[in-house]
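Thank you all for coming.

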Amino acid sequence: MTYTEIVFLALGLAMALDLLIIKTGLLGRKTFWTSYAIILPFQLLTNWWLTSREIVMYNSKDILGVRIASAPIEDLIYGFALILGVLSLWVHYGKRQRKKTFPA
Amino acid sequence: MYVEKYGYVGMLVFTVLASFWLEFVLKVQVLRRIKRIAQSILPPAIFFLTWDAIAVHRNQWSFDADQVVGIYGPFHLPVEEYLFFIVVPLAVIMTLEAVRRVKIQWRVGDEE
C-alpha cells in the first residue's frame, strides 16, 4: 500500500470508530472541530519543520506529490485520523469510567 | 556543537511547551488520568507504529540519521518516533479538555 492508500484507510477506521463502533459522534460536535482548528496550525508548523529540514523524507513514488507547507498533503489526512482516533477513545473511556464510578 | 541531531527532538519539545502549560494554567487534569490516557493513545500508536515500521522497511519514508539523537527502538525506528505517539496525542487530548474548560456549555458526550 502507498502512503496515500494507508492514510485513507486510517481515516476510514477513525471515522468508523467515532460514528459506528463506539459511537462517540465527535464529528458532530463543536468541541471537536474547535480543538481541530486549534491543533491544525501547530500540525502545519511542526510538519513543515520535519519535512523542510528533511528530518523525515518521503519516497516520491508513494505520495501524490501535492505539498502544503512543505509536507505531503497525505500528512493532513493522517493527522486528522490520529486526532479523531485518540479523542474518540478518550471520550469513550471517559464515559465508561464515569459509569463505573457512579453506577446508574 | 552538534545541534543538528536534536532536529526531531526539538519538534517534540516544542509540542510539549505549546500544550503542557494547559495542565497548569487551565487545570485540564489530563496527566493524572493515566489509565484513560493509555486506553486512548495505545491503540492508535500501535496502528501507526506498525505501519511506520512497514513503511520504513519498504523505503516509503525514512528518517535522517543525522537529525535524530541516535537511539533506536524496535523495528529500527528512532526513539523520537515512539515519543511522537505519546507527546502528540497528549497535546491533542489537552487541547480538547482546554476547549471544554472554556466552552462549558458545549457537550462532548462523556458528561454525567
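Let me begin with what I mean by contact: two residues are in contact if their C-beta atoms, placed from the backbone, lie within 7 Å. What you see is a predicted model, in which local features need pLDDT of at least 70 and side-chain atom pairs count only at pLDDT 80 or more, while totals for chains, interfaces and linings use all residues. Residues are numbered from 1 along each chain as its sequence is written, and chains are lettered from A and ligands numbered from 1 in the order in which they are written.

Helices (DSSP runs of H or I, at least four residues) and strands (runs of E, at least two) are numbered from the N terminus. With that in hand, please look at helix 3 of chain B, residues 34–57, and helix 4 of chain B, residues 79–102, which pack at an angle of about 140 degrees with their axes 10 Å apart. The axes here are lines fitted to C-alpha atoms, for helices over the stretch in contact, and the angles run from 0 to 180 degrees between N-to-C directions. Because of that angle, helix 3 of chain B counts as oblique to helix 4 of chain B, since under 35 degrees is roughly parallel, over 145 roughly antiparallel, 65 to 115 roughly perpendicular, and the rest oblique.

Which residues meet there? From helix 3 of chain B come, among them, Ile37(B), Ile41(B), Phe48(B) and Asp52(B), and from helix 4 of chain B come residues including Glu81(B), Phe85(B) and Ile93(B). The residues of this contact divide into 11 nonpolar, one polar and two charged, where Ala, Val, Leu, Ile, Met, Phe, Trp, Tyr, Cys and Pro count as nonpolar, Asp, Glu, Lys and Arg as charged, and the others, Gly among them, as polar.

Turning now to the two chains together, 37 residues of chain A are in contact with 34 residues of chain B. Helix 3 of chain A gives the most to the side of chain A that touches chain B, with 13 residues, and that side divides into 20 nonpolar, 10 polar and seven charged residues. Strand 1 of chain A also pairs with strand 1 of chain B, residues 61–63, in the antiparallel sense over three bridges, pairing being counted if DSSP finds at least two bridges. Within this pairing, Met57(A) stands opposite Ser62(B).

Finally, His76(B), in the loop between strand 1 and helix 4 of chain B, has a positive phi of about 55 degrees although it is not a glycine.
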